[in-house]
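Let's take a walk through this structure together, looking at its pockets and at one of its helices.

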Amino acid sequence: MKLIAGLGNPGIKYEKTRHNSGFMALDLITNEINPQSWQNKFQSLVNFQTVESKKVVFLKPLTYMNLSGIAVQEVFNFYKIKIEDVIIVHDDIDLSLGKIKLKEGGGHAGHNGLRSIHEKIGPGFLRVRIGVSRPQGSAVSNYVLSEFSNDEIILLKQALSKCSLGINYLIKNANECCQKLFSTS
């Protein structure tokens with residue numbers, strides 16, 4: 001079983017913000033695989049899917065970004081998922097808008113959602129990093145909670161499409177295909 005958690009904040013107020021790139025990616029992926037309704041479980045919105053006979057739990061924590069680890073840990077422990085079968089999809093200010101990178105393990109780089117997950121399950125999971133660019137002259141917290149401009153939405157949609165394909169590779173354990181795909185972004 002794979003656990004794929006997209007990071008973000010719940011509620012309409014945050015729906016179109018940079019910090020919700022992980023939520024946006026999961027919405028696109030689940031709609032492409034097999035649209036089903038999300039269930040409210042494990043302090044999260046959860047969507048159970050089967051992809052080529054592999055069970056996948058898609059998770060959007062409702063604990064807010066800074067406490068994402070609480071929700072991830074609940075599902076991780078309940079289903080006894082191995083750390084190598086956990087994929088976290090999140091925004092990354094150290095990548096330019098539209099870039100996507102795959103990373104195994106590593107530090108949290110100041111990302112509070114990742115910090116929370118590290119504290120709860122450890123750092124050995126895969127990360128799909130969605131570039132949202134670094135702010136120019138504004139505080140990081142204000143920037144990641146701001147909405148994308150209309151021009152930025154075009155780049156984001158292209159990135160999320162590539163992200164969806166890459167995550168399908170990861171579900172099938174074709175990590176090198178995913179890495180190759182993301183290296184062209």
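**Pockets and a helix**

Helix α1 (residues 21-33) gives 3 residues to the lining of the second largest pocket, the most of any element. Helices here are DSSP runs (H or I, at least four residues), strands likewise (E, at least two), numbered from the N terminus. A pocket is an open set of points on a 1 Å grid over the protein atoms alone where a 1.4 Å probe fits, with protein on both sides within 12 Å along at least five of seven lines; lining residues have an atom within 4 Å of a point. This is a predicted model, in which local features need pLDDT of at least 70, side-chain atom pairs count only at pLDDT 80 or more, and totals for linings use all residues. Residues are numbered from 1 along each chain as its sequence is written, and side-chain values use heavy atoms, without hydrogens and water.

The second largest pocket has a volume of about 150 Å³, the space filled by probe spheres set on its points. Among its lining residues are Phe23, Met24 and Asp27.

The largest pocket has a volume of about 350 Å³. Of its 21 lining residues, His19, Gly110, His111, Asn112 and Val140 are the closest to its centre. Two or more lining residues come from each of β5 (86-92), α3 (112-121) and α4 (140-144).

Now turn to helix α2 (residues 68-78), whose buried residues (under 20% relative accessible area, 1.4 Å probe) are Ser68, Gly69, Ala71, Val72, Val75 and Phe76. Seen down the axis of α2, they fall within an arc of 165° (taken from the directions from the axis to the C-beta atoms), so they line one face of the helix. Just after α2, Lys80 takes a positive phi of about 50°.

Notes: Buried < 20%, exposed > 50% of the residue type's maximum accessible area, 1.4 Å probe, protein only.
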